[in-house]
Amino acid sequence: MDTPKSKKLDIIIPAFRGHSQSFLMVLDGISEEDALKRIEGRTNHIIWMVGNFLDMRFALGNVLGLNEEFEFKDYFFQGKALDESFKYPTLEQLKASFHKISPLVYQKLLEATDEDLDKAFPMGMNIDFFPENVLNFVGMCIGREDYLCGQIGLMRRIMNYEGMKYDFDTDLKY
């Protein structure tokens with residue numbers, strides 16, 4: 001396993017890599033048609049969930065100093081509500097964005113120092129037990145990714161897809 005400069009990220013590095021794996025495995029076999037289905041008109045569709053996952057990755061990269069812009073941010077920026085009038089990008093387009101941003105963010109996580117992580121990062125939460133700094137934003141992004149993979153996993157089962165397999169790709173280094 002790669003070793004981050006900051007010991008504060010010892011738990012984040014395996015989580016990030018695990019989420020990369022989960023993201024790809026939970027999408028395995030999902031058709032483009034099914035990725036746009038909503039359940040009883042009440043849920044977000046998988047495309048929206050995937051786009052939100054990617055919005056988190058791009059936001060994390062930006063906070064860590066990357067200047068990459070998510071080409072589909074107009075659809076997903078900061079959890080923008082699903083809009084059925086939009087022609088959303090395809091699952092394949094979003095997977096391509098995932099493979100573009102993920103190794104760059106992973107490298108930035110490895111390079112982050114304690115000083116980088118301790119920098120103030122106002123999020124407007126104003127909760128006394130939650131310091132608004134880069135490290136806690138990283139943690140929030142990791143938590144959001146976990147949540148979204150779980151939602152996609154549930155959507156898989158609701159749409160009668162087989163449960164997610166845990167066939168980890170040891171060659172995926174991000």
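This is a predicted model: local features need pLDDT of at least 70, side-chain atom pairs count only at pLDDT 80 or more; totals for chains, interfaces and linings use all residues.
How many nonpolar, polar and charged residues are in the lining of the largest pocket?

Residues are numbered from 1 along each chain as its sequence is written, and side-chain values use heavy atoms, with hydrogens and water left out.

**Stop one: α2 and α4**

Select residues 46-63, helix α2, and residues 91-111, helix α4. Helices (H or I, at least four residues) are DSSP runs numbered from the N terminus. The two axes come within 10 Å and cross at roughly 20°; axes are lines fitted to C-alpha atoms over the stretch in contact, with angles from 0 to 180 degrees between N-to-C directions. α2 is therefore roughly parallel to α4 (angles under 35 degrees; over 145 is roughly antiparallel). The crossing is left-handed, that is, the near helix is turned anticlockwise from the far one by less than a right angle.

Now show the side of α2 in contact (heavy atoms within 4.5 Å): Phe 53, Leu 54 and Phe 58 are among its residues, and those of α4 include Leu 94, Phe 98 and Ile 101. The contact divides into 11 nonpolar, four polar and one charged. Here Ala, Val, Leu, Ile, Met, Phe, Trp, Tyr, Cys and Pro count as nonpolar, Asp, Glu, Lys and Arg as charged, and the others, Gly among them, as polar.

**Stop two: α2 and α6**

The crossing is left-handed. Trp 48, Met 49 and Met 56 are among the α2 residues in the contact, with Phe 137, Cys 141 and Leu 148 among those of α6. By class there are 17 nonpolar, two polar and three charged residues.

**Stop three: α1 and α2**

Select residues 12-27, helix α1; its axis and that of α2 come within 12 Å and cross at roughly 160°. α1 and α2 are therefore roughly antiparallel to each other. Phe 16, His 19, Ser 20, Phe 23 and Leu 27 of α1 meet Ile 46, Val 50, Phe 53, Arg 57 and Leu 60 of α2.

**Last stop: the largest pocket**

Select Asp 55, Phe 58, Ala 59, Phe 77 and Gln 78, the closest to the pocket centre of the 15 lining residues. α2 gives the most to the lining, with seven residues. By class, the lining has seven nonpolar, four polar and four charged residues. A pocket is an open set of points on a 1 Å grid over the protein atoms alone, where a 1.4 Å probe fits, with protein on both sides within 12 Å along at least five of seven lines; lining residues have an atom within 4 Å of a point.

Terms used. Helices (H or I, at least four residues) and strands (E, at least two) are DSSP runs, numbered from the N terminus. Angles under 35 degrees count as roughly parallel, over 145 as roughly antiparallel, 65 to 115 as roughly perpendicular and the rest as oblique.
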